[in-house]
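Colleague: Could you walk me through the pockets and a helix contact in this model? I'm new to this, so please go slowly.

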Amino acid sequence: MSLNEIRKEIAKQKNPAQAMVLQRFFKTGKGEYGEGDVFFGIKVPEQRKIAKQFKYLSLDDLKTLIHSKVHEERLISAFILVDKYKSGDEKKNKIIFDFYLKNRKGINNWDLVDLSAPKIVGAYLIDKEKDLLYKFAHSKDLWEKRISIISTQTFIREHFFEDTLNISEILIQDKHDLIHKAVGWMLREIGNRDLETEEEFLKKFYKKMPRTMLRYAIEKFPEQKRINYLKGLI
């Protein structure tokens with residue numbers, strides 16, 4: 001398996017019409033969060049198939065792929081890294097984790113973060129110190145901040161909420177819509193498992209939250225409770 005071979009396979013799946021739709025959806029215009037990103041128009045299930053086919057691609061080739069200007073090439077490289085991590089032992093997983101962090105500039109859109117960070121960063125750090133996530137939460141880089149909160153999804157699934165709540169508090173005044181959505185989503189994930197813990201946090205901070213963050217966090221609440229939160233009546 002080689003870089004040329006996987007790129008040929010990726011190129012076969014090009015869909016120019018779908019690419020135009022994706023470039024609008026992922027905000028690739030001037031001044032937008034995905035400015036300059038290039039799409040081939042390949043659907044995610046097809047990308048996953050290619051990743052499975054080329055799961056033994058070398059890290060040297062993945063390094064090139066993860067820094068590609070083409071969005072699908074970067075996402076496929078992330079899928080391959082996730083597969084390598086799932087099948088690795090502790091030593092190999094440390095290599096994948098380090099590789100991911102060293103090359104995180106290629107993880108530069110919300111889908112890239114969401115589909116890889118919990119399964120690599122979150123999975124590796126679940127039984128280790130979480131200092132890196134707090135460092136990323138204080139970063140000026142949008143995608144590092146998103147990695148910091150989305151990685152905690154892995155902890156939430158193990159009913160460990162402390163880091164999600166701490167990082168949510170750090171990010172609560174962030175200006176970017178993609179961080180508002182990410183934090184609200186993770187708070188909702190906590191609520192799916194422990195509603196009391198989510199509401200304890202919300203009652204303390206909901207009046208300070210950006211509206212989008214709050215809406216995401218309370219999305220599954222009963223209608224009247226949602227209305228009360230939105231009106232500040234809790």
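Colleague: Which helices each supply at least two residues of the lining of the largest pocket?

Modeller: Bear in mind that this is a predicted model; in it, helix 5 (71–87) and helix 6 (90–102) each supply at least two residues of that lining.

Colleague: And how much space lies in the largest pocket?

Modeller: About 290 Å³ of space lies there, and the residues lining the largest pocket include Lys52, Tyr56, Asp83, Lys84 and Ile95. Sorted by class, that lining has five charged, four nonpolar and two polar residues.

Colleague: OK, what volume does the second largest pocket have?

Modeller: The second largest pocket has a volume of about 210 Å³, and among the residues lining it are Phe25, Trp110, Arg146, His176 and Tyr216.

Colleague: Switching topic: at what angle do helix 1 and helix 4 pack?

Modeller: Helix 1 (residues 3–12) and helix 4 (residues 59–66) pack at about 40°, and their axes lie 10 Å apart. Because of that angle, helix 1 counts as oblique to helix 4.

Colleague: Which residues make the contact?

Modeller: On helix 1 they are Leu3, Ile6 and Arg7, and on helix 4 they are Asp61, Thr64 and Leu65. By class, this contact has three nonpolar, two charged and one polar residue.

Conventions: Residues are numbered from 1 along each chain as its sequence is written. This is a predicted model: local features need pLDDT of at least 70, side-chain atom pairs count only at pLDDT 80 or more; totals for chains, interfaces and linings use all residues. Side-chain values use heavy atoms; hydrogens and water are left out. On a 1 Å grid over the protein atoms alone, a cavity is a set of points where a 1.4 Å probe fits but cannot get out, and a pocket is an open set with protein on both sides within 12 Å along at least five of seven lines; lining residues have an atom within 4 Å of a point. Grid points are joined across faces, edges and corners, and a volume is the space filled by probe spheres set on the points. Helices (H or I, at least four residues) and strands (E, at least two) are DSSP runs, numbered from the N terminus. Ala, Val, Leu, Ile, Met, Phe, Trp, Tyr, Cys and Pro count as nonpolar, Asp, Glu, Lys and Arg as charged, and the others, Gly among them, as polar. Axes are lines fitted to C-alpha atoms, for helices over the stretch in contact, and angles run from 0 to 180 degrees between N-to-C directions. Angles under 35 degrees count as roughly parallel, over 145 as roughly antiparallel, 65 to 115 as roughly perpendicular and the rest as oblique. Contact means heavy atoms within 4.5 Å.
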